Structures are given as C-alpha cells and as structure tokens.
Amino acid sequence: MRMSRLFSQTLREAPSEAEIPSHQLLLRAGFIRQMAAGIFSYLPLAKRSLTKIENIMRQEMNAIGGQEMSMPVVQPADIWKETKRWYQIDAEMGRFKDRNGRDMALAMTHEEAVGDLVRREIRSYRQLPALIYHLQTKFRDDPRPRAGLIRVREFTMKDSYSLDADWEGLDKQYRAHFQAYFNIFNRCGLPAIAVKSDVGMMGGKLAHEYMYLTPYGEDTLLLCDACGYSANRQIAHIRKPVPVPAAALPVEKVSTPNCKTIAEVAGFLGVPTSQTAKAVFMIATLPEGEKTIQRFVFAVIRGDMEVNETKLSNAVKAKELRPATEEEIRAIGAEPGYASPVGLKDALVVVDDLIPQSPNMVAGANEAGYHLKNVNYGRDYSAQIVTDIAAAQEGDACPQCGSPLRTVRGVEVGNIFKLGTRYSDAMGCTFLDKDGQIKPVIMGSYGIGSGRLLACIAEEHHDDNGLIWPVSVAPFAVHLVVLPGKGEGETVTVEADQLYADLQAAGIEVLYDDRPESPGVKFMDADLLGMPIRLTVSERAHKAGGVEFRRRDQSEKRIIPQAEVLATVQAEIAALQTALDATLVEATFEGE
RNA sequence: CGGGGCGUAGCGCAGUCCGGUAGCGCACCGCGUUUGGGACGCGGGGGUCGGCGGUUCGAGUCCGCCCGCCCCGACCA
C-alpha cells in the first residue's frame, strides 16, 4: 500500500476526548474514528489488524472443531421473550418496531438465535456434539461507553456455542475453549489470565473471564500470589476471620447521640468495628412471571466489611438492585443511621454468613440516637437468607490458602460460560438420545470482542513514540520509507519502487511511504503507526551499501546489502513470529 | 440516572468574567527553497462560534431551554 493513497491521516495531537494511550494512539495513527459515544469506524489500518486477529480466532476455533456461520443482528423479539431476557434486560437492549409494529431486538449476544436454530436442526444425539461460531456485530446500549475501544456500544464479537448430549461433552468443549482462548491471546501478543467470574445476564453454571491486567481496566480482580487463586471481585470469596465464641448477653439499649457511621458508633462505645453489625438498604427489582416487583432488601454485614452488591443481587435473584432512599427506609420501620434488623416489617433480610457466628454485636435500635448492644442472630432476629455477601478487599485472606489477597485492575477480553440447559429448556432445544429419551441440548457459550482485543494489544504494545504491533496482528509487516533527497532523488526513488515491488512479489505486506514529506515526518509517522520492521531507502543508505533496517521494538539500525534485503526481512518476520509462538503454553484448568 | 467538565476551522487551543461583528499553532492548497528524526519563505482556502429561543442598536460573549462529547459514580459480557 502506498501511503500517499492510504485512506487515513495521522494527527500530531490527539483529540481531547481520548485519555488512555490506546485510544490516543489509535486515533493519532489513523486507525479509528468515532461517530458517536461508543460507536466507531475502523479505517483500513485497523481493519487489516482486525482481520488478522479474527483469522487467528477462526484458526483456533476450527482447530477445536468449530464451524463458522453467521446469524442475524436484527432479530424478532419473540425469541427473547421465550428466554425471558426481553423482560430481564433493561435499557441495555436495542429495541424497535418494524413497519408492521412487531417488536424487534438488536442482538446483544446470540444464545436465542442459536436456540432457535438448534431446535429446528438438532433431532438426534447423532448430530452431537457440535460447535458453531460466528463473528458478528453486537449492540449493547451501555450506560457509559468509555476508554476508546475498551468499552463500546457496537462491537464485533467472535462468539461460539457448544452443543452437547451430556455434561461430560460440555466439560470437554469448555476445556477446549479454555485452552484455545489462551492460544488466541498469546498469538495476538496479549498476556491474559483466566479468573472465575459471575455468570451475569447469561445465567448458567460456571464461567471464566480472561483478563488483560492494566490500570485502565474497569474490573477489579483478587489474586493470591501464594496459591494462584484468582477471581473477579464480583464473586471473589475470602476466608473470613473466626469470631471468638461467647455466651449471649442480654440486649441493652444505649444512647449514641450523633453516631451515624459505624466508625462513630464503634468509637463512641469503645468497641472494634468488627463487633458491630452494619445495615445496608437496597431496593431490588425481582422478576415475577413476565412482570417485576420491587422488594426492600435489608442486608446485614459486620461493620468492618463491605457488602458486595453482585453477591447480594445474586442472593436475592434480583434483576436490578439500587440503594434505598431515606423515605423508603423509614417506611419499613428502620431509622437511617440507627437501623437494625431487630423489629423490622416487610423486608427481605439477608445476613452475611459471618454474622450468625458473631455474638453480642452492636446494632441500631431503629430509633434516632440509640443503638442496641449484645444483639445475637437467632435470638433477637432472623433472616430469610444467610449467605456470603462480603466484598473481598486487598489484604483479605485467600479462600484456598489463607495468604493475603492482592487486587489488580483488568479488562475482560474474553469469557466462557457453561450455560447448561437454561436456553434449551426455555426454547425447547431437545434431541432424542441413544436410550430413546428426549433430552435438552447442553450448551456453552464463549466470546471474544475483536475491537477490545485490538485496543488491549495497543495498550500493551506501545512506547512514547507510538504503537509497536506484534507481527501477527500488524496491519503491514514492513514500513518502507523512501527519502529521495535532491541530487540522486530519481535513482533513490527507482530503487525504493523496485524494493516495494520485490517485497510484495515475495508475499510480504508493505506500507510504502512515498509521500513528499520531510524525513522527520516520515520517521515520526513510521514510529507512530508501529509496523514491526522499517526499511529506509535513501542516498545515505545507498552510499553505505544498501538499505537501512530497523525493528520497531529495537533502537539499533543497520545497513543491509541490496541483495540480502528480502532474505533478511523474511528471516526477521520469522524470528518475530517464533518469539510469539514461544509464549504458547498449556494452561492449567481451574475448574469448579 | 446522580456529580463534574467541555462544545469556537480537520486537530490542539485563545477570545466569554467586562457585548462592538473571530484569532493563534499545526494540518490543507499554490509557488520557490530545503531533504536522515515533526524544515523555511511568500501567497491562499476554510468558521450558521453545538442548536433553538430571548435580552440588546448590536450576542462567540448575557439569560432560558435543548442536544452532543468526556471524566467520576451507579451499571455492565
């Protein structure tokens, strides 16, 4: 490609809306342009990289038996109503009516499409197992797109769906994906780790997220350096401290003027915050048939811990969970700042599983200015649900080995879900098994967003001057710069044109900077765009005996004799690829 | 949806407080010089100042409403 014809331009300064490096560099280098919040155009340079990324995905999917296909983006609402997600998902789903007034949905993911297809196509166990996948546009009307391509509303995802006759089959396909995903990330030059995750709107049994660790990430992970435990904060467990047992003392009402926070109460009464019970009030929207109801949720946790809203939400099976207002809190008979689970009416009480073992806690009295001492679970109050709702924090004990956990930020670049029969049951995806029984198809779903992956690669591989693409996903392998100079200009240009033709003839992808720009501009742009190899044809290089060679990831330059350029470039590309391949390893599977 | 910030040429910004008819750098076009790390000179093109309404003799500037984008939070595969 001649750069003078390339449909994009570099920018010296990044548009002010870009804050993180990958976003700034992809804009400056002319890879992407934004059309609306979270909606982007991918210019030729980006498209070339995306195609390479997607081809790597195709290879890895095909290698585990995947068959590529394509399913619609625009879908009838009916199939989403069948699985109830039409009702469960709120404004995040793109909806419209067609000209005949029928409800339509924009695909956020494709389980329903797969379900519809499977129930039509799959009749016999002989057709299973199967693995289908496609690369297709998704639309999710995210409340807050951010960080360039990291979090967008419209994106392309490689999503695959495994179909099995039994659970062993699902295990097998799940594990195959577990490894294939590491292969994909490694081949793209992106270091990623797998952590156990919440199943979220997908439903299902077991899920892993693949995380690229970066401070710009929006998820918080807890890692154990001692035993390797890793989990998303949303579901991370901790080994909780063991409370000192004690005989239950009589409840005592004490005056605690102006003590609205746990710290104030504990300080005023001279007890550790771990001796207090904190109340958190939420309003949950719960699905009930095709409708929803609102329920007041009163969560109780030890004063030195925080409630994990994802765990709480899962515990009450909420569609939505939001903090309650003061009026709502008073309406159920509690007093904000002095709230107590003792003597509540009409609230769904959820208690962290550490509370029942903790004797003689300080809790509110549901009366301004007063708390209760020596409150004991079971004797003084009870809960509808007792489970783990504690948020894991930096320094908490690892649930497996007890060592302190560490928190890091990460971006989710892929996920795999064991769906089980959630969609098959809802949509009637059944088959006739060997034993003559009708059984539901067992499904798994597996996704990687290609644009987000591109952004993470850019985030991982850049320096102050620009991008540094891994050879496997670089738009072009070689950036050829010609500096015609003045005297021998024509000779130099002829030499460069010839080299451009020779490289192309050898099947090497070349971006040829033939623009009439000054040397400084050309070198700066070459660094910005970040192709792995730069070749410079100039009078100076010619006099030194050939063509200047430089790798983007190294600072040394060297002169290569004319006759050896092709072989050198091929060898260097091979060396870069070999280094990438060396990162491929067998991953240890962390199951249930 | 709550809090904050910003919308002036393709990009980065000044001008807005204090109203007087729009400017700087880069980019772009032409000519010439220059040619190994973001060159220089001369000449040029490009703006409904986010939109609508109001105040005023006069609005980029003041007032009201709306829209858009970014950041934090809520949310999220």
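1. Chain A has 15 helices and 31 strands, and the model is a predicted one, so that every value in the points below is computed from predicted coordinates. Taken along the principal axes, the C-alpha atoms of chain A fill a box of roughly 100 × 65 × 50 Å. Of the 592 residues in chain A, 52% are buried.

2. Among the strands, β13, β19 and β18 form an open sheet in that order, and the pairing is antiparallel. The edge strands of this sheet are β13 (252-255) and β18 (361-364), each of which pairs on one side only. From one strand to the next, the twist averages 35°. Strand β13 is joined by four bridges to β19 (residues 370-375), the two running antiparallel, and a reader who wishes to locate this pairing in the model can look at Lys253, whose bridge partner in β19 is Leu372.

3. Helix α8, which spans residues 309-316, is mostly covered, with six of its eight residues buried. These buried residues are Thr310, Lys311, Leu312, Ser313, Ala315 and Val316, a list that includes the lysine Lys311. Just after α8 comes Lys317, which takes a positive phi of about 55°.

4. The aromatic residues deserve a separate point. A search of the whole structure finds nine aromatic pairs. One of them is formed by Tyr181 and Phe185, whose ring centres are 6.2 Å apart and whose planes stand at 85°, so the pair is edge-to-face. Both Tyr181 and Phe185 lie in helix α6 (residues 167-187), where they are four residues apart, about one turn of the helix. An α-helix has 3.6 residues a turn, so residues three or four places apart point the same way. Tyr181 and Phe185 are both buried.

5. Tyr181 also forms an aromatic pair with Tyr210, and this pair is tilted, at 5.3 Å centre to centre and with 50° between the planes. Because Tyr181 lies in helix α6 and Tyr210 in strand β10 (residues 206-213), the pair ties together parts that are 29 residues apart in sequence. Tyr181 is buried, with a relative accessible area of 0%, and Tyr210, at 0% relative accessibility, likewise counts as buried. Beyond these pairs, Phe178, Tyr181, Phe182, Phe185 and Tyr210 form one aromatic cluster.

6. Arg48 lies over the face of Phe476, at 3.9 Å from the ring centre, while Arg558 lies over the face of Phe549, at 4.6 Å from the ring centre.

7. Cys398 is accordingly in no disulfide, the nearest cysteine sulfur being that of Cys227.

8. Ser124 has its place in the loop between α5 (111-121) and β7 (130-139). With a relative accessibility of 18%, Ser124 counts as buried, because the word applies under 20% relative accessible area. A polar atom of the side chain of Ser124 lies 2.8 Å from the backbone nitrogen of Arg126.

9. Lys158 is found in strand β8 (residues 154-164), and at 0% relative accessibility this lysine counts as buried. The C-alpha atoms of Lys158 and Leu135 are separated by 4.3 Å, although the two residues are 23 residues apart along the chain.

Terms used: Residues numbered from 1 in each chain as written. Chains lettered and ligands numbered in written order. Predicted model: local features only at pLDDT ≥ 70, side-chain atom pairs only at ≥ 80, totals over all residues. Heavy atoms only, no water. Pairing = 2+ DSSP bridges. Axes fitted to C-alpha atoms, helices over the stretch in contact; angles between N-to-C directions. Buried < 20%, exposed > 50% of the residue type's maximum accessible area, 1.4 Å probe, protein only. Phe/Tyr/Trp six-rings, centres within 6.5 Å; stacked < 30°, edge-to-face > 60°. Lys NZ or Arg CZ within 6 Å of the ring centre and 35° of its normal. Disulfide = S-S within 2.5 Å. Polar contact = N/O pair within 3.5 Å; in protein donor to acceptor, adjacent residues only side chain to side chain.
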